[in-house]
Amino acid sequence: MKMERQNKSNFMGRLANSDVGKFLRQAFTKEKERRTFDSDEYNDEGPEPEYGGKDHREIYTKDGTVNRFNKPAIKGKSGGWKAAALVLVNQGLATLGFFGMGVNLVLFLTRVLEQSNASAANDVSKWTGTVYIFSLVGAFLSDSYWGRYRTCSVFQVIFTVGLVLLSLTSYLFLIKPAGCGSVTLSCEKASTLELIVFYMSIYLIALGYGGYQPNIATFGADQFDEMDEVEGASKVAFFSWFYLAMNLGQLFSNSIISFFENNGNWVLGFWMSAGSAALALIIFLIGTPYYRHFRAGGNPIPRVAQVFVAAFKKWNVRAPSDGEKLYELQDKASAISGSRKITHSAEFRFLDKAATETEEDVISGQRNNPWRLCTVTQVEEVKCILRMLPIWLCTIIYSVVFTQMASLFVEQGAAMQNDVGGFHVPPASMSIFDILSVAAWILLYRRAIVPFVYKITNNPKGLSELQRMGGGLILGMLGMISAGVVEQYRLKFVSEPRGKSSMSIFWQTPQYFFIGASEVFMYVGQLEFFNGQAPDGLKSFGSALCMTSMSFGNYVSSLLVSIVMDITKRENQPGWIPGNLNRGHMDRFYYLLAALTAVDFVAYVMCARWYRCIVLSKDTEEGEELVERI
């Protein structure tokens, strides 16, 4: 035993003196130093770390994000793709839950509640528009008071409760007899109280999903430090993968859940949607320790009002042409909590009066009164909003085009031959081709188009956001032309006045393909554009602009359908979109949308050429300049 210990001791001594032993000692020493540094410099519950140290720039994020304890975020311990992956999974599951009930809502209204095609399409458009209007509520609470994490959590709870209530309402009241709402079996007429509970449930879903959606996109982007070269590139890519995750969620809902609902299993489909929403909430909460956060910037409404009031008070004051002479805080911090400074821009010069310091401001001690004197950053925040509004307005017509996929495309497919080899293809499930198109175009754009365009333009993003949005308008217009051609031929193959056309539903594939391609260019471009061009204190508002574009698109679509029906419906003519599509001319409505999109594209090009991007000041906390190129 003694000899064994001696041999072991000699072996360990030789090992310690060998090259391997020296390497291991150096590795353990470095690891000990690293752990000591981390524990000394940062503690989740300890004092706030000092800035300006030698290693500070290597550890902490440079964009001002914090962890859940409101301490500066450490790159290795928070954010990045680990946190963003949870956001992507959450988005996919939440989208599955939302579209699991939303994609067939128009059929639920016609088959279960026995509404007409035009009424159902209008109700769906109004409901979808309300979803996106609620995005402004979520964005306001997020940017002003709650922050994005809390806002996402609260509205996801509301969303889940709404889906559970819808499932219970359908099971207890609406689906009578069991299995009704299919192609062959009609449901009993619902009472007024039952209808009230039904509409309350779907508008709870609208509130929950609408308030959550703009914040989750921005929250996911918050996990990447845009002032870091590597993470900045990941942030740009995140929006593409975010939209892909959303479409993969739709893929399951539009195929599996849609199949159950189309065959009368509405309750099962709604419960699957509720379960998916609940799972999405759980996964989101699991990532709590890993998320990065931006501090809420306070209510932006007074800040915007202060700029206009201060400018109006100084309507007779001449603002200096040199932006350096306008009022701004001298220290590195911005006057707006959680925001970086923005450099002066030449547009909307009248608003510069609000940041023009006069002798009266100095003598009367009004320099700290924002209703009299605003900082350049506060003025530029308002200018950013005003510059984005024309671009936003030009995206509304595209949203009118996009919303047809959830209403008229479904009604068109229901009037076509959708039995293939004994298998019934639900009309709403044709949107699978839209999703496949989105997935294919995202991969094609990231892997082929971006590298190719980069060689020509030297822009690492490939096409700029504005260029992609313009391309989306053109592709959307082609989608409407394709739908119009299909409708023309569908009518030619109708043999019975109230029967289905013998034309296969798969002839709708090209129009779904064009709409899917247009989404990749338009909506991904919108997410990047509005998120990148919005000031730090209004990031969620920027994402909400994208959603409110969809909202107004749905309302305009509903209004347009009503106007078209009022004009085209006469004594002996049922109008373009009647209950019996075989007697109408829906193709003319599609061509009308294509013409409106062409006019909108011309207006969009003019607005895009005029637009100037936001430029953050060099006087940031890290002393760096960040210019968002579009």
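1. A crossing of two helices is called left-handed if the near helix is turned anticlockwise from the far one by less than a right angle, and right-handed if the turn is clockwise. In this predicted model, the crossing of α12 and α17 is left-handed, whereas α15 passes α17 in a right-handed crossing.

2. Helix α12, which spans residues 376–394, and helix α17, which spans residues 509–533, have axes that come within 10 Å and cross at roughly 165 degrees. Angles over 145 degrees count as roughly antiparallel, and α12 and α17 are therefore roughly antiparallel to each other.

3. On the side of α12, the contact with α17 is made by Cys384, Met388, Ile391 and Trp392, and these residues meet Phe529, Phe530 and Gln533 of α17. Sorted by class, the contact of α12 with α17 holds six nonpolar residues and one polar residue, with no charged residues.

4. Helix α15, covering residues 432–457, also packs with α17, here at an angle of about 45 degrees and with the two axes 8 Å apart. That angle makes α15 oblique to α17.

5. The residues that α15 brings to its contact with α17 are Phe433, Asp434, Ser437, Val438, Trp441, Ile442, Tyr445 and Ile449. Facing them in α17 are Thr509, Tyr512, Phe513, Ile515, Gly516, Ala517, Glu519, Val520 and Phe521. By class, the contact of α15 with α17 divides into 12 nonpolar, three polar and two charged residues.

Conventions:
Residues numbered from 1 in each chain as written. Predicted model: local features only at pLDDT ≥ 70, side-chain atom pairs only at ≥ 80, totals over all residues. Heavy atoms only, no water. Axes fitted to C-alpha atoms, helices over the stretch in contact; angles between N-to-C directions. Helix = DSSP H or I, 4+ residues; strand = E, 2+ residues; numbered from the N terminus. Parallel < 35°, antiparallel > 145°, perpendicular 65-115°, else oblique. Contact = heavy atoms within 4.5 Å. Nonpolar A, V, L, I, M, F, W, Y, C, P; charged D, E, K, R; others polar.
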